[in-house]
Amino acid sequence: MTPGKELLYVALGGSGEIGMNVSLYGADGKWLMVDCGVTFADPAYPGIDIILPDLQFIEDRVADLAGIVITHGHEDHIGALPYFAADLGVPIYATPFTAGLIRGKLEEEGIAKQVKLKIIEIGGSVKVGPFGVSFVPMAHSIPEPSALVIETKYGRVFHTGDFKLDPNPQVGTPASPEQLTAIGDKGILAMMCDSTNVLNETASGSEEDVRAGLHAEIARAEGRRVLITSFASNAARLQTLASCAIANGRQVCVAGRSLDRILKVAKATGYLKDFPETVDFDTAMRLPRGKLLIIGTGGQGEDRAALARISSGSHQLKLESGDRVIFSSKQIPGNEVAIGRIMNTLAERGIELITDKQAHVHVSGHPGRPELAKMYKWIRPQMVVPVHGEGRHLTEHGKFATAQGIKRSVVQKNGDVLRLSPGEPKRIGFATVGRLLLDGDVILPADGSTINERRRLATYGQMSVAVAIGKGGRIIGQPKVCVQGVPVEEDRDPFLAEVQGAVIKVLSTNERNAEKRTEAIRLAARRVATRWTGKKPVVDVLMIEG
């Protein structure tokens, strides 16, 4: 599919799910990509940490891809770039802070010299093929979030990216209502709009309001160590925490590689200039308990992050009974069990836990209904296309936009190819979409044999049977049986003996066909396991013939 004299839109990720945002705009034979993110795995993908979008649709049309424009530096918007940017072979356009994060990722992957990374000043514009792209500063939970005004011959699009309305942001200066109204005055065909918090009846709140809540909770922990965990990318929150530490006479210790990276890039691009000098782990542990504030990663329950290791006592930084951990972040859906596990460990050690349910220690970076309504009023699009959310968010957003007086709302999902103009918006096709899994250094299909085999192993366990056969088809010695993950802990020896007996019985039939003999052994061993455990483990048979 090559776009002609029309404006097309297709989401390869981010519409119908949280994360993995990838949008494509098509016009005059070319495509423009907006964002290229990842999402994080759950127990449905054993051994997998990161899920990537399947970009086959645009990879098949890579000669028609004009460039990639990035709205901001969160992982669900830039995390897939190291795995695709070199192969896509087009320039990436981003503002300075976002470009700094991307450059670090490309360097880690060893492809920085292969990818053209072009820095656009905050509020700047660029021509990318037939598309004119203007960056509009917004407020969010990371520096330099930008909405995009995408100009084409067939209409103008306002792509909000992730945003909120914050009258007192702690980092950066977002566009004013007057500036947004001026954009609307020029006419907007479609607004692709953040749907994450559309179910919230109240506004997200200001970062300035959080400062007072965090200051109070730190002050209440007089004489005790305090650890605060937040999203590493939330530089505004880092600025808030630093101010609270100084106001409470505490020195700051930072624990987590992602925090170190954000601080480095933020300072290099002119942010967090007043962030105090941090102390190392050894110095932190020598400070009086009431003179230390730890900022740590791991608030989403990540096993290898600082908070998990501190909670288990395996980190250089230590907490004791009476110390306080403040979760200055929202639980991402799917992480509840992992977060709960860490919270339970901390609570059992007598460590006090504070979340946004107990105190005002967090505000969201996404718009609630009042903010969405204001944005509609300023931009006045002919249609709203809800993006960035699960199916229930997109559906509800469509209803809400219509109720607010927007003429049309087009609720789409990943893969829907929408023709936005000319004429009425219409689905004209479907792009192949899906998930890819980063497994170590290998990218795999989410529904491929590897992950399906791993699920079977995780569910049923595994048995291996090795048999040595001599001349004349006679068995040499005893069959060797090994089990992993099969529930026979207390009765393992009699279980193994019965499996051996079943294997010997199969061999006594003198079956000469090797494939039939191997399959009979496999089935006999599995029948014993099923009789003992009710499970049907994966059985591998090794025949050694002399």
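Three strands, β1 (7-13), β3 (22-27) and β14 (190-194), each give at least two residues to the lining of the largest cavity. Please keep in mind that this is a predicted model. In all, the structure holds 2 cavities of 30 Å³ or more, along with 5 aromatic pairs.

**The largest cavity**

- The space inside the largest cavity comes to about 130 Å³.
- Its lining is made up of 19 residues, and those closest to the centre are Asn21, Ser23, His159, Val387 and His388.
- Strand β1 provides the largest share of this lining, with 3 residues.
- Sorted by class, the lining of the largest cavity has 10 polar, 6 nonpolar and 3 charged residues.

**The second largest cavity**

- About 40 Å³ is the volume of the second largest cavity.

**Aromatic pairs**

- The structure has 5 aromatic pairs, and one of them joins Tyr9 and Tyr25, with ring centres 5.0 Å apart.
- Because Tyr9 sits in strand β1 and Tyr25 in strand β3, the pair ties together parts that are 16 residues apart in sequence.
- Tyr9 and Tyr25 are both buried.
- Another pair is formed by Tyr376 and Phe400: the ring centres are 6.1 Å apart and the planes lie at 45 degrees, so this pair is tilted as well.
- Tyr376 belongs to helix α12 (residues 369-379) and Phe400 to helix α13 (residues 391-403), so their contact ties together parts that are 24 residues apart in sequence.
- Tyr376 has a relative accessibility of 3% and therefore counts as buried, since the cut-off for buried is under 20%.
- Phe400, at 8% relative accessibility, also counts as buried.

Conventions
Residues numbered from 1 in each chain as written. Predicted model: local features only at pLDDT ≥ 70, side-chain atom pairs only at ≥ 80, totals over all residues. Heavy atoms only, no water. 1 Å grid on protein atoms, 1.4 Å probe; cavity = no way out; pocket = protein on both sides within 12 Å on 5 of 7 lines; lining within 4 Å. Points joined across faces, edges and corners; volume = space filled by probe spheres on them. Helix = DSSP H or I, 4+ residues; strand = E, 2+ residues; numbered from the N terminus. Nonpolar A, V, L, I, M, F, W, Y, C, P; charged D, E, K, R; others polar. Phe/Tyr/Trp six-rings, centres within 6.5 Å; stacked < 30°, edge-to-face > 60°. Buried < 20%, exposed > 50% of the residue type's maximum accessible area, 1.4 Å probe, protein only.
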